Amino acid sequence: MILYKNTFDNIKTVEYNVPIEDSYYCKNNFAVVADGITRDPNGIKYFDSTSFEEKINNYPNPSGASMAANLICKTFEENYNDIISKKLSLKEVFIKANKEVKKLNNAHIKVCDYLESDYYGAVGASALIENNNLYYSYICDCGVAVFNKDGELVFKTEDDMEKVNKHFDTGSFNWNQPEARIIVRKDYRNNPNNKYSYGAITGEREFEHYLKEGSLRLNDNDIVIVYSDGFANYLFDKDFYNNLINLINKDYPPFQNYLEKMGSKDYRKYGKEKTLVVIKNG
């Protein structure tokens, strides 16, 4: 049973009309979340010599990141019946979605330069509950988590960007410089030959190397969370489960207020654009 579903705007979306680049689809005991990969501003290569306002004003709208995220969720929606009938696994639907994103890129990206004309792409996570079993598939830093009835976090998918970000932190990667962005997107994204690489749904077949799936047994009243990376820090907040109880009791506003309060309290930690779907087992 779906207890909650929502995408929270990035502050840039609210104040500067930057498009929302998260998407989700959920029904009954199924959910998928997709997080579009941020684009470069149009006509701007060197970020450190450009004002924030100029970068925002030149951000592509419509955004290819939004298109990719929406297309992934649409693919899951169109294949929903095959998912619940087990004709298709969640991983197989992600592969179908990647092929759709490839068509999208073929239509919009004539030559990929890994900057303004980089491939449209997104990452995502999906979950299906059936007969007390949780089936999941995900890529990169979107994820699936499980809380038991005592409020303990008993399962969480790995954040596959953690080791990559640590590697970048120890190197000389200056994201403001176009050369650095080209290196990351060309040599680290969907490149199985690089041990510090990561995966994304860009239409490239190599993404399958990074696509993960699994299953586990659930107990009655377990809570399954499907989320984009902006929600990762919430899972470890001591008050998160206490506020989830409000959803279990069908008291929606307190949980919403808690999420909004945390976002305004610490924007860097809790305030990014983010999507959350909450499903109760049993």
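Helices in these views are DSSP runs of H or I with at least four residues, strands are runs of E with at least two, and both are numbered from the N terminus. The model shown in every view is a predicted one.

**View 1. Helix α7 and the residue that follows it.** Helix α7 spans residues 178-188, and its buried positions are P178, A180, R181, V184, R185 and Y188. Seen down the axis of α7, these buried residues fall within an arc of 165 degrees, and they therefore line one face of the helix. An α-helix has 3.6 residues a turn, so residues three or four places apart point the same way. The partner against which the buried residues of α7 pack is α6, residues 162-170. After α7 comes N190, whose phi is positive, at a value near 55 degrees.

**View 2. F173 in the loop between α6 and α7.** With a relative accessible area of 29%, F173 is partly exposed, since the partly exposed class covers values between the 20% limit for buried and the 50% limit for exposed. When residues up to four places away in sequence are not counted, F173 touches H167 and F168, together with A180, I183, V184 and Y188. Of these contacts, A180, V184 and Y188 are also listed among the buried residues of α7. As for its distance from another part of the chain, the C-alpha atom of F173 is separated by 38 Å from that of C26, a residue 147 places away along the chain.

**View 3. The contact of helix α8 with helix α9.** Helix α8 comprises residues 240-248 and helix α9 residues 252-265; their axes come within 6 Å and cross at roughly 150 degrees. Because angles over 145 degrees count as roughly antiparallel, α8 and α9 are assigned to that class. The crossing in which α8 passes α9 is left-handed. From α8, the residues in the contact are F240, N243, L244, N246 and L247, and they meet Y252, P254, F255, Y258 and L259 of α9. By residue class, this contact of α8 with α9 divides into eight nonpolar and two polar residues, with no charged ones.

**View 4. K250 in the loop between α8 and α9.** The backbone at K250 has a phi near 60 degrees, which is a positive value in a residue other than glycine. K250 is exposed, its relative accessible area being 73%.

**View 5. The contact of helix α3 with helix α5.** The axes of α3 and α5 come within 9 Å and cross at roughly 140 degrees, and this angle makes α3 oblique to α5. The crossing of these two helices, α3 and α5, is right-handed. On the α3 side the contact is made by M67, A68, L71, I72, T75 and F76, and on the α5 side by L90, V93, F94, K96, A97, E100, V101, L104 and H108. The residues of the contact of α3 with α5 comprise eleven nonpolar, two polar and two charged ones.

**View 6. K99 in helix α5.** Helix α5 runs over residues 90-108 and includes K99, a residue that is exposed, with a relative accessible area of 51%. Between the C-alpha atoms of K99 and V146, which are 47 residues apart along the chain, the separation is 30 Å.

View 7. Leaving aside neighbours within four places in sequence, the contacts of S126 are F30, A31, V32, F76, L90, F94, Y135, Y136, S137, V144 and V226. Three of these residues, F76, L90 and F94, also take part in the contact of α3 with α5.

**View 8. Backbone details at P62 and N28.** The peptide bond that joins N61 and P62 is cis, with omega about 15 degrees, and P62 is found in the loop between α2, residues 52-57, and α3, residues 64-78. In the loop between β2, residues 22-27, and β3, residues 30-36, lies N28, whose phi is near 55 degrees, a positive value in a residue other than glycine. N28 is partly exposed, with a relative accessible area of 49%.

Conventions
Residues are numbered from 1 along each chain as its sequence is written. This is a predicted model: local features need pLDDT of at least 70, side-chain atom pairs count only at pLDDT 80 or more; totals for chains, interfaces and linings use all residues. Side-chain values use heavy atoms; hydrogens and water are left out. Axes are lines fitted to C-alpha atoms, for helices over the stretch in contact, and angles run from 0 to 180 degrees between N-to-C directions. Angles under 35 degrees count as roughly parallel, over 145 as roughly antiparallel, 65 to 115 as roughly perpendicular and the rest as oblique. A crossing is left-handed if the near helix is turned anticlockwise from the far one by less than a right angle, and right-handed if clockwise. Contact means heavy atoms within 4.5 Å. Ala, Val, Leu, Ile, Met, Phe, Trp, Tyr, Cys and Pro count as nonpolar, Asp, Glu, Lys and Arg as charged, and the others, Gly among them, as polar. Buried means under 20% relative accessible area, exposed over 50%, partly exposed in between (1.4 Å probe, protein chains only). The arc is that of the directions from the helix axis to the C-beta atoms.
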